[in-house]
Amino acid sequence: MAATNGDSATTNFINHSTLPCIVDNAPFTPSHTYSVYRTDQPSTSSRDVTHKVHSIIASDVEHVVASSQAALPGWRQTPAARRREILLKACSLLLERVPEYAANTMEETVLSRGMAGFELAVLASGHLQSAAESVTHALKSEILPPGDDGAMKIVKREPYGVVLGIAPWNAPFILGLRSILYPIAAGNTAILKTSEFAPRVHLSVAQILIDAGLPKGVLNVVHVDPAHAPEVTEALIAHPRVRKVNFTGSTRVGRIIASTAAKHLKPVVLELGGKAPLIVLEDADLDLAANGILFGGYLNSNQICMAVNNILVHKSVASKLESTLQSLFNAHRETFTAKLSQGMEDKHALRSLFTAASADRLKVLYEDAVSKGAQVVVGEAGFDGALVQPIVLSPVKPDMKIYTEETFGPVLSLITFDSIDQAVEIANTPEYGLAASVYTKNHTLGLHVADRIDAGQVHINAQPVHDDPVMPHGGWKSSGYGRFNGVEGVREFTQTKGITVQEGHAMPFSYV
């Protein structure tokens, strides 16, 4: 996989027997006796080791950041056309490697073959193209009208400097890529802190960009032993040369990241948990809505922060929607059968949740709902270790924990409403505000409802797992703040600088 960039031939990082960190486009293997930790395959009871990983400790942070800082002057001066060329070359390389990278994703995580391929061939490639296309427009300077003093007023967008990206395991390639793609496109250098559950996938993000010609130091990658994660993360955020942080993951950890960054006056982009409502109005196409519910609710076994959680349906069509869901589910029962393990040949069936602990938490929500009157109306309940069978519960009421808590697993809640006002109130009750959907044949009404929902994205007649790379993406409320994607995603990682140009005149001292 050798290729050339501006400095030297690149290395194949992802096939090392012990996965290295990357600094200056070369393997970096800290020589600490405790620098190697194990990554286990989470969906099997045997917990087989998939690979070993070199990890940094706090004392290594200075070396990593120094590399990123050294690369900054050259990269921020690199013309937008050259940045665009590298990103588009990376996209081409990625499309060539989809089978290889999909296999790595399936080995490290619980993604199905279909989801792994979709993540790479559609989502990741789309983000690379969008970032490449957005650079020039996002970074253009503005000239404001002159004021009374006749000064020319220029507003420029400039990079922050070194940006730290922290990515999760549940959609590892696209979320790892996104965490560093938009910062790099904006002229920052970046450090990617990998997930301990998907280090090989996150290394492959760097692999395609370095192979495409990214200069040394522009993207460095570090693995961190979970036992040392708090102090290493603190050291990375605290370093004076790290000027912005982004994190995608749970709201609980997001609060920790935000608190740490606030101590050091560092801005943060957070994409956190969700409780996506899908609202079905009286006039909705119920076949279309049912398709959106099952796709958006069971994709990746619901382990997506935008996945459908609460199905809100007008009481006049609730019974018909329920029967439509049952019929569609039964017609695709093999697709909606969760399996503990799969090979690459199995394209469709759902895999287990990431850990048995995830399933245990979901089972508590399920049992609480059933104890308070909810019943399984679609599918058949099943909890076996990390394996959870997809179901829909009804009726779900406000006194049930599942009404407001994120599930992150394939147990959906059906809730009826009498009016649009009530539907909006129910949709806005949970603390989260990442994504939502509204199904109606009346687009004007759909837009009216969308305007009243507290969420970063609302999709009319489409399910909420929707990440168009040209649309700003991010949350409201406890789902976070800041935006990825497209022009706004590039601008998120810039700061403005105002410059005035004038002939100059002496100021009267009477103002002093």
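These legends describe close-up views of a predicted model.

In an unreviewed entry, UniProt lists Glu-271 for "active site". Glu-271 sits in strand β12, which covers residues 268-271. Its relative accessibility is 2%, so Glu-271 counts as buried.

**View B. The salt bridge between Glu-271 and Arg-178.**
Side chains of opposite charge can pair when their charged atoms come close. Here the side chains of Glu-271 and Arg-178 meet in a salt bridge, 2.8 Å from N to O. Glu-271 belongs to strand β12 and Arg-178 to helix α5 (residues 172-185), so the pair ties together parts that are 93 residues apart in sequence. Both partners are buried. The structure holds 13 salt bridges.

**View C. The salt bridge between Lys-315 and Asp-418.**
The side chains of Lys-315 and Asp-418 meet in a salt bridge at 3.0 Å, N to O. This pair links distant parts of the chain, 103 residues apart. Lys-315 is in the loop between β14 (308-314) and α10 (318-331). Asp-418 is in the loop between β19 (411-417) and α12 (420-428). Lys-315 is exposed, with 54% relative accessibility. Asp-418 is partly exposed, at 45%.

**View D. A network of salt bridges that includes Lys-156 and Glu-158.**
Four residues are linked in this network: Arg-76, Lys-156, Glu-158 and Lys-497. Lys-156 forms a salt bridge with Glu-158. The closest N and O atoms of that pair are 3.6 Å apart. Lys-156 is partly exposed, with a relative accessible area of 30%. Glu-158 counts as buried at 15% relative accessibility, because the cut-off for buried is under 20%.

**View E. A nonpolar patch on the surface.**
Ile-143, Met-152, Ile-499 and Val-501 form this patch. Together they have about 340 Å² of accessible area. Ile-143 lies in strand β6, residues 142-144. Its relative accessible area is 61%, so Ile-143 is exposed.

**View F. Arg-243 in strand β11.**
Strand β11 spans residues 242-248 and holds Arg-243. This arginine is partly exposed, with a relative accessible area of 31%. Ala-261 is 18 residues from Arg-243 along the chain, and their C-alpha atoms are separated by 9.7 Å.

**View G. Ala-229 in helix α7.**
Helix α7 covers residues 229-238 and includes Ala-229. At 19% relative accessibility, Ala-229 falls under the 20% cut-off and therefore counts as buried. Ala-229 and Gly-176 are 53 residues apart in sequence. Their C-alpha atoms are 17 Å apart in space.

A cis peptide bond joins Ser-394 and Pro-395. Its omega is about -10°. Pro-395 is found in the loop between β18 (391-394) and β19. Phe-408 is in the loop between β18 and β19. Phe-408 is not a glycine, yet its phi is positive, at about 50°. Phe-408 is partly exposed, with a relative accessible area of 23%.

**View I. Asn-485, a residue with positive phi.**
Asn-485 lies in the loop between β24 (480-481) and α14 (486-491). Its phi is positive, about 85°, although Asn-485 is not a glycine. Asn-485 counts as buried, at 1% relative accessibility.

**View J. Cysteines in the model.**
The structure holds zero disulfides. Cys-91 counts as buried, at 4% relative accessibility.

Terms used: Residues numbered from 1 in each chain as written. Predicted model: local features only at pLDDT ≥ 70, side-chain atom pairs only at ≥ 80, totals over all residues. Heavy atoms only, no water. Patch = residues over 30% accessible without salt bridge, like charges linked within 9 Å, V, L, I, M, F, W, Y side chains within 5 Å. Areas by Shrake-Rupley, 256 points an atom, 1.4 Å probe, with all protein chains shown as cover. Helix = DSSP H or I, 4+ residues; strand = E, 2+ residues; numbered from the N terminus. Buried < 20%, exposed > 50% of the residue type's maximum accessible area, 1.4 Å probe, protein only. Disulfide = S-S within 2.5 Å. UniProt positions renumbered as here; feature names shortened; annotations may be inferred.
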